[in-house]
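Hi everyone, thanks for coming. Let me put the structure up on the screen, and then we can walk through it together.

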Amino acid sequence: MSATKLKVVLTVKLPEPVETRMRELFNTTLWYDLSQMPRDRLLQAAQDCDVLVTSINDRIDAEFFDAAPERLKMIANFGVGYDHIDVVKGAEKGIIITNTPGVLTEDTAEMTMGLILAVSRRFVEGAEIVQKGEFSAWSPTFLLGRRVYGKRLGIIGMGRIGQALARRARAFGMSVHYHNRKPVSARISDELGATYWDDLDQMLSRMDVISINAPGGSSTYHLLSAERLAKLQPHALLVNTARGQIVDEQALAAMLREKRIAGVGLDVYEREPAINQELIGLPNAILLPHMASSTIEARTDMGDRVILNVKTFQDGHRPPDRVIPAML
């Protein structure tokens, strides 16, 4: 690339320090609205920039790439996941795609552990009773939950976040089990005291808590189907801070209503931002607005990774966080 500043367009509002730094380094057009950039504006924005900084809300599909001009050289995604981007089509067009791996690990693991605790110990129900002024007296049988100490945690997806969650779970006295495409290294397995299950169905039927920490995409769509969800024990809890499409949400809602599962903690949804209305109002469901990585530190680190990728590309080098079809 030449020494001329790249024309960069943001499709999402970023933290102000990140935006300011991007304005200093690049010819940057900001998106000031907190809402998602409309589809027509997205397609229009791509026509007049070298780099488009996107988020999970943007559908970067075949239609997008077919309409993209030769000038567009890079999609710098503000986020780890890239299942909303047609990576294969982008590669065919010669457009570089990057993401921001490694910066959400601790935040997401914290939120996942928090949901496990909140669902197990019924935090939200208790807080609502106090807020409504309905707490009258302590009782031995009031709002009984279940301790997490000594319980079996089954982690689906033992990548960075799964491993960070396992470390936290071990500190709470849980035993760690996991299902993954392949076992983690012996060093990691020994550190975490983790038991590997190559058969997901076998693991599901034996766990007290299931945490989904796998990537999204076609390979994991409805990985937890109605048939698989039915293998969970009635006292089991399910937590999902990964991707909503991994779970058959309709089947999950039915299981909750019929008390065939004890509770869930969800931060992501199958048709996000739409929420399955059958989940709303269920006392055994804690529903959060996709906030697992919502910390000042994480958002700033994500922005720094975007800047690093774009600056590296502007300087004529390979961006460190490039996403290629072989990674799918």
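In what order do the seven strands of the open sheet stand? They run 8-7-6-9-10-11-12, and the pairing is parallel. Two strands pair here if DSSP finds at least two bridges between them. Helices (H or I, at least four residues) and strands (E, at least two) are DSSP runs, numbered from the N terminus.

Before going on, please keep in mind that this is a predicted model: local features need pLDDT of at least 70, side-chain atom pairs count only at pLDDT 80 or more, and totals for chains, interfaces and linings use all residues. Residues are numbered from 1 along each chain as its sequence is written, and side-chain values use heavy atoms, with hydrogens and water left out.

Elsewhere, strand 9 and strand 10 (residues 237-240) run parallel, joined by four bridges. As an example, Ile212 has Asn240 in strand 10 as its bridge partner.

Now the helices. Helix 5 (residues 105-121) packs on the sheet and touches strand 6 (152-156), strand 9, strand 10, strand 11 and strand 12; contact means heavy atoms within 4.5 Å. Its direction makes about 150° with that of strand 10. Helix 7 (residues 160-171) also packs on the sheet, touching strand 6, strand 7 (175-179) and strand 9, and its direction makes about 175° with that of strand 6. Axes are lines fitted to C-alpha atoms, for helices over the stretch in contact, and angles run from 0 to 180 degrees between N-to-C directions.

What about the inside? A nonpolar core is a set of buried Ala, Val, Leu, Ile, Met, Phe, Trp, Tyr and Cys residues joined through side-chain atoms within 4.5 Å, and buried means under 20% relative accessible area (1.4 Å probe, protein chains only). The largest core has 30 residues, and Ile156, Leu224, Leu229, Leu238 and Leu252 touch the most other members. Helix 11 (249-257) is one of the elements giving two or more residues to this core, and its five residues are the largest share. Looking at Leu238, its contacts include Ile210, Ile212, Leu252 and Val264. Apart from this core lies another, of 29 residues, including Val148 and Met174.

To finish, the whole protein: 12 helices and 12 strands, with 49% of its 328 residues buried. Its C-alpha atoms fill a box of roughly 70 × 50 × 30 Å along the principal axes.

Key:
Buried means under 20% relative accessible area, exposed over 50%, partly exposed in between (1.4 Å probe, protein chains only). Lists of a residue's contacts leave out its neighbours within four places in sequence.
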